[in-house]
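Subject: Structure handover

Hello,

I am passing on the structure we spoke about.

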Amino acid sequence: MTRAELFEKVQEIFRDIFDDENLIIKESTNSNDIDDWDSLNHINLVVAIESEVKIKFNLEEVSTLKDVGAMLDLILLKK
Amino acid sequence: MKIKEILKYPFDSSIIIRKRKAIRRELIKKNITRKLKIAILGGSTTSELINVIELFLLNQGYLVTFYESDYNKFFEDAVFDNTKLLAFSPDVIYIHTTHHNITEYPSLVASNEEVETIFQSELSKFEYIWTSLEKYKCPIIQNNFDLPLNRSLGNLDCYNVHGKSYFLNRLNLNFSKRAQSNKSLYINDINYLSASIGLNNWHDKNLWFTAKHAVSFDAIPALGNNIVSIILAILGGSKKCLVLDLDNTLWGGVIGDDGLSGIKLGKESSLGEAYLQFQSYIKELKQRGIILAVCSKNNHEIAKEGFMHSDSILVFEDFTSFKANWDPKNLNIEKIANEINIGLNSLVFIDDSAMEREIVALQLPSVSVPNVGNNILDFIDFIERNNYFETVNISGDDLKRNAFYAENIERKKQKAVFENYQDFLFSLNMKAEIKPFSNIYIDRITQLVNKTNQFNVTTRRYKLNEIETIASKDNFISFYGKLSDKFGDNGLISVLIGEVLNRSCIIDTWLMSCRVLKRDMEFAMFHMLIKECKAKNLRNIIGIYKRTNKNDMVSSLFSDLGFKFIREEVDGSVVWEFEIIDYLQKKTTIKIN
């Protein structure tokens with residue numbers, strides 16, 4: 001999977017979790033940019049990504065996923 | 001994506017949780033008037049569970065407001081003065097505790113007395129909670145305990161007095177005993193639920209350590225559904241009646257074609273045994289008060305005969321309503337509900353045919369129609385894991401039942417989705433292949449000729465070589481028919497043989513499998529026959545109906561097609577004639593070839 005393809009999938013997940021069909025994310029998007037991105041929704045994002053791309057993050061990794069770019073980096077590393 | 005389907009077993013947790021907000025948006029568009037207040041006292045993170053409980057209850061027509069205890073404050077919220085909870089005035093209190101909430105397990109060196117003290121102290125903690133909550137005068141739903149994923153004592157863990165499994169199993173038994181005597185205490189059996197899901201899937205260590213979710217996201221929908229079904233059972237909203245198809249649902253095969261001795265039921269075959277198990281399960285439901293009904297496309301007498309089978313566990317008298325005829329099933333199900341005098345929303349319909357399920361689901365949206373598929377092995381799971389017939393009391397729920405009947409006086413007639421049956425047939429996108437016999441189908445044609453009893457005008461039987469001869473001769477017209485629709489391929493289901501004699505075509509054999517009845521396939525076959533007769537410059541078609549005790553359904557086939565009555569023979573056969581020049585093509589719902 002290319003980074004661009006993965007980005008599309010992650011964008012869809014963000015749109016579902018935050019229930020905003022028009023949400024546009026960037027690599028730099030982080031919890032300051034999205035009001036609802038709290039610790040509970042962070043877990044929802046993580047679980048949705050895990051189930052979509054069939055990977056499992058380990059404990060330390062979950063807290064390093066500060067922004068979209070970091071998410072993409074780590075997923076691509078683990079794929 | 002149909003919301004109704006998403007919130008049914010088998011649950012796809014990734015869709016439910018990820019699309020939760022969109023699903024919720026759809027559900028609250030409906031006009032929901034019933035309100036419910038639920039207090040959730042949690043021993044772990046409950047945010048996602050609450051979200052899912054809300055979805056299931058919205059889907060059942062309840063607007064819910066929640067009281068959620070602070071993280072792991074279930075004990076404090078329950079036993080100390082709690083003005084917030086008092087003001088909230090809950091209709092139901094749910095205590096979401098798991099094995100993570102055990103205060104203390106006995107150490108390996110604890111004496112028997114110490115083990116007992118620790119056990120009693122844990123039990124009394126919960127008893128204290130339940131007594132303290134009595135002042136809210138509402139039902140209390142209490143989880144029993146799931147087992148931890150790991151057990152350092154190995155198998156000994158379940159029978160050594162110091163074992164954690166032993167400790168938890170004892171607590172569970174004591175919870176059950178308390179619930180037997182405390183009429184407002186209901187057990188949410190997560191011990192069973194976690195086992196049925198599998199402890200490996202029930203637990204998610206990552207989620208526990210990162211967010212203190214005691215149950216994996218995969219398991220949350222099943223857990224939420226379980227809690228909601230207890231709530232509905234308390235409110236008297238469980239289903240009351242199970243409506244069952246017959247052929248390939250209560251036995252294997254088609255009784256009208258295979259006969260009483262041909263259907264699969266009993267210990268002689270693995271398939272027969274599976275149907276027996278299904279019947280046995282249904283009998284158990286009946287014994288605990290679930291009303292049974294039959295809705296089958298069949299001849300009434302023949303259908304009834306199925307329950308004379310020596311291995312049948314169900315008997316004809318088990319069914320409060322028995323509809324075996326050829327009317328659309330949605331009409332029959334409405335009649336069943338009227339006869340029993342219950343609302344359509346109390347019915348669950350089980351049928352192996354995807355098409356019948358779709359008709360009923362579309363025409364009668366308040367009837368529960370699980371997509372059971374066509375594998376008998378799955379049927380019980382679909383009934384059970386949707387928790388349709390959840391019950392909290394086996395004998396005396398008369399009070400609730402009264403409330404239930406009162407509610408149903410307001411029942412409104414369902415608005416049909418399709419203007420008429422013709423529109424429904426169009427929606428199926430049916431395609432037929434109707435062609436002269438060819439070698440690859442000779443086996444199937446022979447099989448159909450020898451087993452079809454109901455839609456069969458002459459019931460003539462031919463051996464394989466005789467069919468081959470017919471196929472090769474110029475003075476015979478032969479057609480096989482295959483039918484597919486948007487649900488899939490029905491395979492080769494119709495056979496027509498005509499013999500040509502002096503510009504006449506005499507219908508020697510015309511049969512069709514019952515699985516495609518009322519689909520206009522006979523009109524498609526007839527259309528092709530006419531076409532062929534025209535090509536051969538024939539004048540008329542002679543149809544002969546030979547009555548047997550099983551083929552009443554085609555007694556009016558020829559008159560329905562516009563044939564003229566000629567005469568009745570001494571043996572009871574009726575001869576009909578059709579002038580080819582009179583043929584007017586019917587508006588067809590099937591695309592041919």
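Predicted model: local features only at pLDDT ≥ 70, side-chain atom pairs only at ≥ 80, totals over all residues.

The interface

Chain A brings 21 residues to the contact, and chain B brings 18 residues. The size of an interface is often given as the accessible area lost when the parts come together. Here the two chains bury about 1500 Å² between them, with 49% of that on carbon and sulfur atoms. On the side of chain B, the residues that lose the most area to chain A are B:Arg18, B:Lys21 and B:Asn206, which together account for 46% of what that side buries.

Six salt bridges are found across the interface of chain B and chain A. One of them pairs B:Arg18 with A:Glu52, where the closest N and O atoms are 2.7 Å apart.

Four helices of chain B each supply at least two residues of the side that touches chain A: α2 (13–18), α3 (20–27), α4 (47–59) and α11 (205–211). The largest share comes from α11(B), with five residues. By class, this side of chain B divides into six nonpolar, six polar and six charged residues.

The cavities

A search of the whole structure gives three cavities of 30 Å³ or more. The largest cavity has a volume of about 60 Å³. Which residues line the largest cavity? From chain A they are A:Ile43, A:Val46, A:Val47, A:Glu50 and A:Val62, and from chain B they are B:Asp204, B:Asn206, B:Leu207 and B:Thr210. Two elements give two or more residues to this lining, namely α2 (39–53) of chain A and α11 of chain B. Of these, α2(A) gives the most, with four residues. The lining consists of five nonpolar, two polar and two charged residues.

Two backbone details

Most residues other than glycine have a negative phi, and most peptide bonds are trans. Two places in chain B are worth a look against that background.

- B:Tyr9 and B:Pro10 are joined by a cis peptide bond, with omega about -5°. B:Pro10 is in the loop between α1 (3–6) and α2 of chain B.
- B:Asn72 is not a glycine, yet has a positive phi of about 60°. B:Asn72 lies in the loop between β2 (62–68) and α5 (74–79) of chain B.

Regards

Technical notes: Residues numbered from 1 in each chain as written. Chains lettered and ligands numbered in written order. Heavy atoms only, no water. Contact = heavy atoms within 4.5 Å. Buried area = accessible area lost by both parts, 1.4 Å probe. Salt bridge = Lys/Arg side-chain N within 4 Å of Asp/Glu carboxyl O. Nonpolar A, V, L, I, M, F, W, Y, C, P; charged D, E, K, R; others polar. 1 Å grid on protein atoms, 1.4 Å probe; cavity = no way out; pocket = protein on both sides within 12 Å on 5 of 7 lines; lining within 4 Å. Points joined across faces, edges and corners; volume = space filled by probe spheres on them.
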